[in-house]
Amino acid sequence: MEKEQQENTFFYTYSAKQQTEIQAIRQKYLSAASSDEGVERLRKLDKGARLPGVLAAIFLGLFGVLLFAVGLHSVVGASSNGQFVLGVFLGVLGLACMSGAPLLEKFITKRQRKKLAPEILKLSDELLKCR
């Protein structure tokens, strides 16, 4: 009889900490199933708005550094007055390219954001209504 009572007995230990952890894990999967695709799409659109400007600025900045280096090389190794003037010109042009790179990034990013704004706003509204 004692063995039969032990088999039919149910023991339960409640832990508030475990319950909150279980709920947190469960919530991750509930929200992931419903809005993960939308959030990923939103992230890609946001990244796509910024990436062209950043790449253009990097290339312009590198081009400016190369022009500056060629100009500096021409100035340092100037054997004639014409090479010195060309070196100064290339150096100044390189500095202009380097300082214009952040402006180019802002300009292209602003234009891309304006272009993608309707789609991003529509998608973000849909995602916010789901929550």
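pLDDT is the predictor's confidence in each residue, on a scale from 0 to 100. For this predicted model, the mean pLDDT of the chain is 83, with 80% of its residues at 70 or more. The chain has three helices and zero strands, where helices (H or I, at least four residues) and strands (E, at least two) are DSSP runs numbered from the N terminus. In sequence order the pattern is α-α-α.

**Ground rules**

- Residues are numbered from 1 along each chain as its sequence is written, and side-chain values use heavy atoms, with hydrogens and water left out.
- Because this is a predicted model, local features need pLDDT of at least 70 and side-chain atom pairs count only at pLDDT 80 or more, while totals for chains, interfaces and linings use all residues.

**Confidence by helix**

- Confidence in the chain is lowest in helix H1 (residues 2-8), with a mean of 63, and highest in H3, with a mean of 90.
- Where pLDDT is low, the predicted coordinates should not be read in detail.

**Burial, contacts and core**

- Of the 131 residues of the chain, 21% count as buried; buried means under 20% relative accessible area, exposed means over 50%, and partly exposed lies in between (1.4 Å probe, protein chains only).
- Among contacts (heavy atoms within 4.5 Å) with a separation of 6 or more, residues 24 or more positions apart account for 79%.
- The largest nonpolar core has six residues: Val39, Leu45, Ala49, Leu116, Leu123 and Leu127.
- H2 and H3 each supply at least two residues of this core.
- By definition, such a core is a set of buried Ala, Val, Leu, Ile, Met, Phe, Trp, Tyr and Cys residues joined through side-chain atoms within 4.5 Å.
- Leaving out residues up to four places away in sequence, Leu45 touches Leu116, Glu119, Ile120 and Leu123.

**Surface**

- Leu51, Leu55, Ile58, Phe59 and Leu62 form a nonpolar surface patch with about 480 Å² of accessible area together.
- Patches are made of residues with over 30% relative accessible area and no salt bridge, with like charges joined within 9 Å and nonpolar side chains (Val, Leu, Ile, Met, Phe, Trp, Tyr) within 5 Å.

**Salt bridges**

- Side chains of opposite charge can pair when their charged atoms come close.
- A salt bridge here is a side-chain nitrogen of Lys or Arg within 4 Å of a carboxyl oxygen of Asp or Glu, and the count comes to three.
- Glu40 pairs with Arg43, their closest N and O atoms being 2.7 Å apart; the two are three residues apart in helix H2, so about one helical turn separates them.
- Arg41 pairs with Glu119, with the closest N and O atoms 2.3 Å apart.
- Because Arg41 lies in helix H2 and Glu119 in helix H3, this pair ties together parts that are 78 residues apart in sequence.
- Glu105 pairs with Arg50, with the closest N and O atoms 3.8 Å apart.
- That pair links distant parts of the chain, with Glu105 in helix H3 and Arg50 in helix H2, 55 residues apart.
- Glu105 counts as buried because its relative accessibility is 16%, whereas Arg50 is partly exposed at 43%.
- Apart from neighbours within four places in sequence, Glu105 is in contact with Arg50, Gly53, Val54 and Ala57.

Conventions. Accessible areas come from the Shrake-Rupley method with a 1.4 Å probe; for residues, only the protein chains shown count as cover.
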